[in-house]
Amino acid sequence: MMKIRKLFAVAALITGGLMAAQVATADDKIRIATEGAYAPFNMVDSSGELIGFDVEIAKALCAQMKADCEIVAQDWDGIIPGLRARKYDAIIASMSITEERMRVVDFSEKYYSNVLAFVTADGSSVVVTKEGLKGKTVGAQRATIAGQYLEDNLGDVVDVKLYDTQDNAYLDLTSGRLDALLSDKFPAYDWLRTDGGKGFAFNGEDIDINDEIGIAVRKGDALKDKFSTAIKAIVADGTYAKINEKYFPFSIY
Amino acid sequence: MSWEWGVIWQYIPRLLDGAWLTLELVLVSGLIGIALAIPLALMRASSRTWVKAFPFLYIYFFRGTPLLVQIFLVYYGASQFEAVRESFLWPVLKQPYWCAIIAFSLNTAAYSAELFRSAIQAIPSGEIEAAEAMGMSKPVQIRRIIMPRAFGIALPAYGNEVILMLKGSALASTITLLDITGMARTIIARTYTPLEMFLAAGLVYLAISALIIALFRFMEYRFNRYQYYHHTDTPEDLDPQLRDQHIDS
């Protein structure tokens, strides 16, 4: 009996110690989550490092704030729950500022603006209007603005398919399971320039849905204002433009 | 963190839509799985090496790789080949529903085949010898003795496999299907209430497994009747030592 008690005591000590260690890191470090499957904004390179526009912006902001940051990867559809569960302190993962999200998290000022665009096979006869898409299969990533736009505006006429990652949606577009893909324009722009995107092109007008991309933090967290100030600072001193230039020949701010 | 009961009530009808798809996936792939498992099990129980080889490799592969990998291979893997996309199979492989059915059927067939194989080998040899003594040919033995007996022996373990398959069917959500899990994740994408929706989804899964458990209880009772038989004519004053524990309990 005594032995079991001792064992419990040791176990409690160890877990207590670990928890204390975790709290300590949470105190002096800003932990930032990104998805890692949303090229060119956030992705994983061949050595397993997180790279991309979001990651570079995150690093620039941390440098601006003189803060010690750690960037972690987190699956997209669990990214807000993870923030609320204090697994990290901020999300810099090309997240659109929406009313629904504002109910559960706070957002900094925007760090870029997004538009939606349809992608179809190059020269496809599909006309991307409500009439033209009737009965077609159209894909988007789950838990994104594009996915919700599809469900809300075309859900009654098209067969909506929602994917866990943008990459899986691209795979199904190339295999022909999808007649069209609705996506944020900039990552699609990047994909269309790769080998995988050969034979595909934007179709129709951009859909401007007044979509601003911000940094999500927990409700009431002072980090919100710190990030907003830092964003303005890196835009003003040209750091932002330098990062922008590496990815797109046009400004996305 | 606030708890919102409202969203559960609001979205329960959509979760139940998902439950139909889950049930359909489990039922259809379960039936195809059994149909595949029986010949595989019979081959696996054979004493000839060349007959045993194929089912051995098949079972080894499908038990040895994760179901998620198998689903991805069928859905995303096959569609990468031009030859597949132009073949007559494409209308079927194009649909996530059939890809899920194919992956689940092949997977459950491997596990069930192994269950049936062990059940076949667990049939008391006296019963097979009796069948032989009666002059039954091998096919007649399989039909009259081996299959019904193996089925009865395998039932409890097979019920287990069906419940595992029910939970494995959640992986259908990774290939765009809106089963219970897919539906829950799509709803969460809108409401940001993961705890509430996953709790509701979990309860729906629990309800379905309760149904499956009840169904298998009932089948066990039917197919293994001899185990549940009660003597009604045992004299009250019978010497306790003469009672058959197994039958009278």
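Which residue of chain A forms a salt bridge with B:R190?

1. The partner of B:R190 is A:E151, and the closest N and O atoms of this salt bridge are 3.1 Å apart. A salt bridge here is a side-chain nitrogen of Lys or Arg within 4 Å of a carboxyl oxygen of Asp or Glu. Because B:R190 lies in helix 9 of chain B and A:E151 in helix 5 (residues 145-154) of chain A, the pair joins two chains. Helices (H or I, at least four residues) and strands (E, at least two) are DSSP runs, numbered from the N terminus. Side chains of opposite charge can pair when their charged atoms come close.

2. On the basis of the note: this is a predicted model, in which local features need pLDDT of at least 70 and side-chain atom pairs count only at pLDDT 80 or more, while totals for chains, interfaces and linings use all residues. Residues are numbered from 1 along each chain as its sequence is written, chains are lettered from A and ligands numbered from 1 in the order in which they are written, and side-chain values use heavy atoms, with hydrogens and water left out.

3. On the extent of the interface: 24 residues of chain A are in contact (heavy atoms within 4.5 Å) with 28 residues of chain B. About 2,200 Å² is buried between the two chains, and carbon and sulfur atoms give 45% of that area. Buried area is the accessible area (1.4 Å probe) that two parts lose on being put together, summed over both. B:Y76, B:R190 and B:Y192 supply 33% of the area that chain B buries against chain A, more than any other three residues.

4. Besides the pair in point 1, B:R185 forms a salt bridge with A:D77, with the closest N and O atoms 2.8 Å apart.

5. On the side of chain B that touches chain A: helix 3 (67-77), helix 5 (90-93), helix 6 and helix 9 (180-191) each supply at least two residues. Helix 9 gives the largest share, six residues.

6. On the largest pocket: its volume is about 410 Å³. Of its 17 lining residues, B:V26, B:L27, B:V162, B:L215 and B:F216 are the closest to its centre. Helix 1 (5-44), helix 8 (138-168) and helix 10 (194-223) of chain B are the elements that give two or more residues to this lining. A pocket is an open set of points on a 1 Å grid over the protein atoms alone, where a 1.4 Å probe fits, with protein on both sides within 12 Å along at least five of seven lines; lining residues have an atom within 4 Å of a point. Grid points are joined across faces, edges and corners, and a volume is the space filled by probe spheres set on the points.

7. On local backbone in chain A: the peptide bond from A:A39 to A:P40 is cis, with omega near -5°. A:P40 lies in the loop between strand 2 (37-38) and strand 3 (42-44). A:R86, in the loop between helix 3 (79-84) and strand 6 (90-96), has a positive phi, near 65°.
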